[in-house]
Amino acid sequence: MSEWAAPSFLPVLQSTIEVLAVLAFALSGIASGLRAGMDLIGVCFVAGVTALGGGTLRDLLLDRRPFFWIEQDHLLWMIIGLCVLASLVLRRSHAEVTERSIQIPDAVGLGLFSALGTQIALAEGSSVIVAILMGVFSSTLGGVLRDTFCNVIPKAFSDHQPYILLAVFGSGIVIGLDALGWPAWMGLLAGVLVTTSARVLVILYRWSIPQWRP
Amino acid sequence: MSEWAAPSFLPVLQSTIEVLAVLAFALSGIASGLRAGMDLIGVCFVAGVTALGGGTLRDLLLDRRPFFWIEQDHLLWMIIGLCVLASLVLRRSHAEVTERSIQIPDAVGLGLFSALGTQIALAEGSSVIVAILMGVFSSTLGGVLRDTFCNVIPKAFSDHQPYILLAVFGSGIVIGLDALGWPAWMGLLAGVLVTTSARVLVILYRWSIPQWRP
Amino acid sequence: MSEWAAPSFLPVLQSTIEVLAVLAFALSGIASGLRAGMDLIGVCFVAGVTALGGGTLRDLLLDRRPFFWIEQDHLLWMIIGLCVLASLVLRRSHAEVTERSIQIPDAVGLGLFSALGTQIALAEGSSVIVAILMGVFSSTLGGVLRDTFCNVIPKAFSDHQPYILLAVFGSGIVIGLDALGWPAWMGLLAGVLVTTSARVLVILYRWSIPQWRP
C-alpha cells in the first residue's frame, strides 16, 4: 500500500469492522432471543441491544457524539433485516438453534469490538488503562445485556472460560503494536485475529481458567 | 386555533403530555413496588425510575441536556407527592393492589411517551428509524426497569401481547402525519390516542400475537 | 484554618473522600464477587462497577465530562491493585469472606459518596431535590449493580433496613449546613460521619424500618 492511501484506508477498515461486529453480535442476540422463546419484536430488541450496547457505552464514556448508530442508521436497518431474514430461514429449515449459534458469532464480535474500541480510545488520546477498559466494555457489555434480558446469568462472569480476559489481551495487542509504532490498521487486524481465534479455540476445546480459590 | 397561537400551543401540549406520562408511569411503578412488598423509600425509587427512565435514555441518546427532569424538577416533587398520597389512600381504604393497577397506567404512559419521544426526535432532525427507536425506548424502558427492580421478567419481552409493537405503531403515526404535513400537535394527539386505546383493548380482551415459532 | 487556605483545602478533601469511597466500594465488590464464586477477572469487574458506577451516573446526569475516573485513571490502577492484594491475602490466610465484609465497607462508601455527590451537585448549581438525588444515586447505584451482577436481589430495595433513607439523610445534612452558610468542608465531613455511623449501627444492631403495609 502506498503512503498516500493510508489516511483513507483506516476509516474504511474501522467501518468494516464496525459493521461486521454489529452483525455478529446481532446474530448472537437473535439466537439467544429465539432460545428464550421471544416473539419477533423481542428478538429484534435483544439483537439490537446486543449489537449496539457495547459501542454505545464506549461512545458515552469517551464523550463521542452523536452515537455511532445514530450517525450511521443503516446499521439499524441491517439489524432489522437480519432478524427478518433469520426468521424466514429458520421457519423453512426447522433448524435447531444451538448454544453454539450464540457463542461463535459472539466470539467474532468480541475480537472485532475489543480491537476497535481500544483503537478508538487511543485515537482520542486516552491513557492505556482507559483504552483497555474501552476495549473490554465495548466488546462484552452487549453479551452481558443479552444474557440479562434473556434471564440468564451473564456467561462472561459465571462460566470459568476466558472471555473478558481475551478482550483485555486483544486490547493489549492493539496498544502494544501502537506503542511499537506499527500502523493502526495492523494493530486492529492483529487484535481481531488473535482474540477471535483464541475465543473460538476456548469454545471448541472447552478450555477453562482455574477458580480463584479452589 | 388562529395562526399566531400555534408556536406557543405545541410546547404547552408537550409539557402536558410529559407531566401526564410521568404521573402515569409513576403510578404503575408505585403499584408494582407495593406488590413486591417494598417500603416507602423503595416504592419512591421504583416510581421514579419507572417514570423518568425512558425519557432520560431518550435525552441521553439525542444528546439533549440538561435532562428533562433536572430542568423541571417539579416532576420529582410530583412523584414524591404521588407516592405519599398513594400510601395514605391505600392505608385507609385497604384496597387490593391488582395487576391491572400496574397495567392501565402503564398503557397511558406508553401512548404518551411513544408519541412524545418520536416527535422530539423528529424536531431534533433524527432519521425515521432513529425517531421510531426514540419513541420505543422512551415509552418502554421505564417499564422494563420497573419489572427488573421488582424482580419480575420484563413483561415487554415475555408475554406475547403487543406492547413494543404498539409503541412502534404509535411512533409510525406521528412520523406518517408529520410526513403528510399535518401540524405536530395533531400527530402527537393521534399517536397518543391510538396507542393507549389499543393497549387498553389488548389488556381487557387479552389479545396476543402469535409465537415466533410454534 | 486561615482564609487563604480554604480554596485549596476543599479540593483536597473532595479527592480524599473520592479515593476512600472508591476503595471502600471496591472492597465490598471484591467480597461480594468472591462470595459468588467468581474468578479474578470477574472480581475485578464487579469491584470496578461497584466502585465507579454511582459516581459515573452522577457525572452523567450532571453533565460533567470527562468522567471522574477517566480523568483520574490512578483510581483504576488502585482498584486492580486492591483486587490482586485481596487475592494474595486471602489465599494465604484462608480467611472466611463474610456477609459483614461486604456490608461494612459498603457503609463507609455510602456515607462518603452521598455527602460528596450532594456537595458536587450544589456546587454545580442544582436545586435541592436534584442535589439529594445525586447524593442518593452516587452512593447507592454501585451497590445495586454489585448485587445485580452477583445475582442477588439488591439489598437496598429488599431488606427493610434503612439504606437509601440514610443516603437521603446524609444529603440533607450537607444541604442544611450549606443553607446555614457553613463552609463546604464542614458539611461534607458532617454528612459522611453521620451517614456512615448510622449505617454501621443499623448493621450491628439489625435496626429495621416498619413495612409499608403490615
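Guide: Helix α5 of chain C covers residues 100-123 (helices are DSSP runs of H or I of at least four residues, strands runs of E of at least two, numbered from the N terminus). At 1.5 Å a residue, its 24 residues should span 34 Å, and the end C-alpha atoms lie 35 Å apart, which agrees; the expected span is 1.5 Å times one less than the number of residues. Of these 24 residues, 21 are buried, so α5(C) is largely enclosed by the rest of the structure. Buried means that 20 or more other C-beta atoms lie within 10 Å of a residue's own, exposed that 12 or fewer do, and partly exposed anything in between, with C-beta atoms placed from the backbone. Just after α5(C), Gly125(C) has a positive phi of about 85°.

The model is predicted: local features need pLDDT of at least 70 and side-chain atom pairs count only at pLDDT 80 or more, while totals for chains, interfaces and linings use all residues. Residues are numbered from 1 along each chain as its sequence is written, and chains are lettered from A and ligands numbered from 1 in the order in which they are written.

Elsewhere in chain C, the axes of α2(C) (residues 40-61) and α6(C) come within 7 Å and cross at roughly 145°; axes are lines fitted to C-alpha atoms, for helices over the stretch in contact, and angles run from 0 to 180 degrees between N-to-C directions. Residues are in contact if their C-beta atoms, placed from the backbone, lie within 7 Å. Those that meet include Gly53(C), Gly54(C) and Gly55(C) in α2(C), and Gly142(C) and Gly143(C) in α6(C). The residues of this contact divide into 10 nonpolar, 9 polar and 2 charged. Here Ala, Val, Leu, Ile, Met, Phe, Trp, Tyr, Cys and Pro count as nonpolar, Asp, Glu, Lys and Arg as charged, and the others, Gly among them, as polar.

Terms used. Two residues are in contact if their C-beta atoms, placed from the backbone, lie within 7 Å.
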